[in-house]
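Trainee: Please walk me through this structure. I want to know what stands behind each term.

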Amino acid sequence: MKLMIIGRRRAGITLAEAHRYMLEVHGTAVVGMIREQPELAPRRYIQNHVFDGSYRLGVDRNDFFALNRDFVTQVWFDHPQQAAAAMQAPFYLSHLQPDEDRFVDQESVIRLPVRELEVRSPLGAEGAEGAGRRRSTSKLFVFHRAGEGVSGEDLATATTPLWDKALQDFGNAIDTVVRNIVLRRDGLPAAADVVDEVWLRDDQAARALGQYWIDQSDAATAPDALVAARSSILLTHQHVLFAGDQA
């Protein structure tokens with residue numbers, strides 16, 4: 001199980017200070033929990049610090065992506081019950097949860113449980129893991145909303161030709177693409193239905209590919225399954241604090 005935690009920094013601190021605290025103080029505490037309570041702690045822990053992104057177009061102010069975000073934290077668990085237990089662990093309640101208030105605007109936080117659908121790479125399947133997840137730190141997240149009655153799986157299928165073209169046009173800059181299907185809870189709408197996660201050569205390549213997806217989501221050629229102007233992007237720098245078994 002993979003969980004994406006997306007949010008904004010609290011009021012009164014700069015983006016640089018929020019990222020520094022998140023990495024050096026909070027991240028250190030999370031790694032401490034992993035050492036002290038490995039049976040409850042995440043199996044893998046990554047911070048993605050946002051340095052640019054897009055607001056979602058043509059939506060009301062209540063939409064989650066009507067405002068930009070400052071971080072995407074990713075944690076892996078064996079199963080949902082382990083994730084729930086981790087949030088109730090004494091170490092989390094006494095150390096991590098109070099610390100979050102020092103740098104996070106808690107009202108902005110959303111948690112997206114996802115299932116990795118596929119890993120794609122211009123290098124082929126054998127080279128995807130080593131290239132994308134270990135070398136690159138420039139990373140692009142693309143958040144897609146599906147049309148009415150369209151599942152995340154159907155949306156991923158409909159947008160696959162767009163990724164085929166992107167891999168051709170940006171192949172030299174792309175290390176790996178991971179497509180994530182958001183698992184809806186109780187059938188309720190989520191902030192996104194598919195999250196595409198891309199490791200790239202550098203920040204410039206991430207910006208170029210991000211603009212490509214903004215243009216594609218609002219183009220006449222966009223598939224019907226993709227709600228026009230409902231894709232948004234976050235450009236990030238990845239920090240692997242605990243690589244787990246994938247080290």
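Mentor: What follows takes the terms in turn and sets values against definitions. This is a predicted model: local features need pLDDT of at least 70, side-chain atom pairs count only at pLDDT 80 or more, and totals for chains, interfaces and linings use all residues. Residues are numbered from 1 along each chain as its sequence is written, and side-chain values use heavy atoms, with hydrogens and water left out.

Trainee: What makes a stretch a helix or a strand here?

Mentor: Both are DSSP runs, numbered from the N terminus: helices are H or I with at least four residues, strands are E with at least two. Helix H1 spans residues 15-36 and helix H3 spans residues 90-100.

Trainee: Why is H1 called roughly antiparallel to H3?

Mentor: H1 and H3 pack at an angle of about 170 degrees, with their axes 11 Å apart. Axes are lines fitted to C-alpha atoms, for helices over the stretch in contact, and angles run from 0 to 180 degrees between N-to-C directions. Angles under 35 degrees count as roughly parallel, over 145 as roughly antiparallel, 65 to 115 as roughly perpendicular and the rest as oblique. So H1 is roughly antiparallel to H3.

Trainee: Which residues of H1 and H3 meet?

Mentor: Contact means heavy atoms within 4.5 Å. In H1, Tyr-21, Val-25 and Met-33 are among those that meet H3 residues, including Phe-91, Tyr-92 and Leu-96. Beyond sequence neighbours up to four places away, Met-33 touches Pro-38, Ala-41, Ala-86, Ala-89, Phe-91, Tyr-92 and Leu-96.

Trainee: What makes a set of residues a nonpolar core?

Mentor: Its members are buried Ala, Val, Leu, Ile, Met, Phe, Trp, Tyr and Cys residues joined through side-chain atoms within 4.5 Å. Buried means under 20% relative accessible area, exposed over 50%, partly exposed in between (1.4 Å probe, protein chains only). The largest such core has 24 residues, and Ile-5, Met-33, Phe-71, Val-75, Leu-96 and Phe-103 have the most contacts inside it. H1 gives the largest share, six residues. Apart from it lies another core, of 20 residues, including Leu-162 and Phe-170.

Trainee: Why is S1 said to be largely enclosed?

Mentor: Six of the eight residues of S1 are buried, so S1 is largely enclosed by the rest of the structure. S6 is mostly covered too: nine of its nine residues are buried.

Trainee: How do you know that S1 and S3 pair?

Mentor: Two strands pair if DSSP finds at least two bridges between them. S1 and S3 have six, in the antiparallel sense.

Trainee: Which strands form the closed barrel?

Mentor: Eight strands form it, in the order S1-S3-S2-S8-S5-S7-S6-S4, with antiparallel pairing. The twist averages 35 degrees from one strand to the next. Helix H5 (residues 152-169) packs on the sheet, touching S4, S5, S6 and S7.

Trainee: What joins S6 to S4 and S7?

Mentor: Six bridges join S4 to S6, with Glu-116 partnered by Asn-180 in S6. S6 and S7 pair over seven bridges, and Arg-179 has Asp-196 as its partner in S7.
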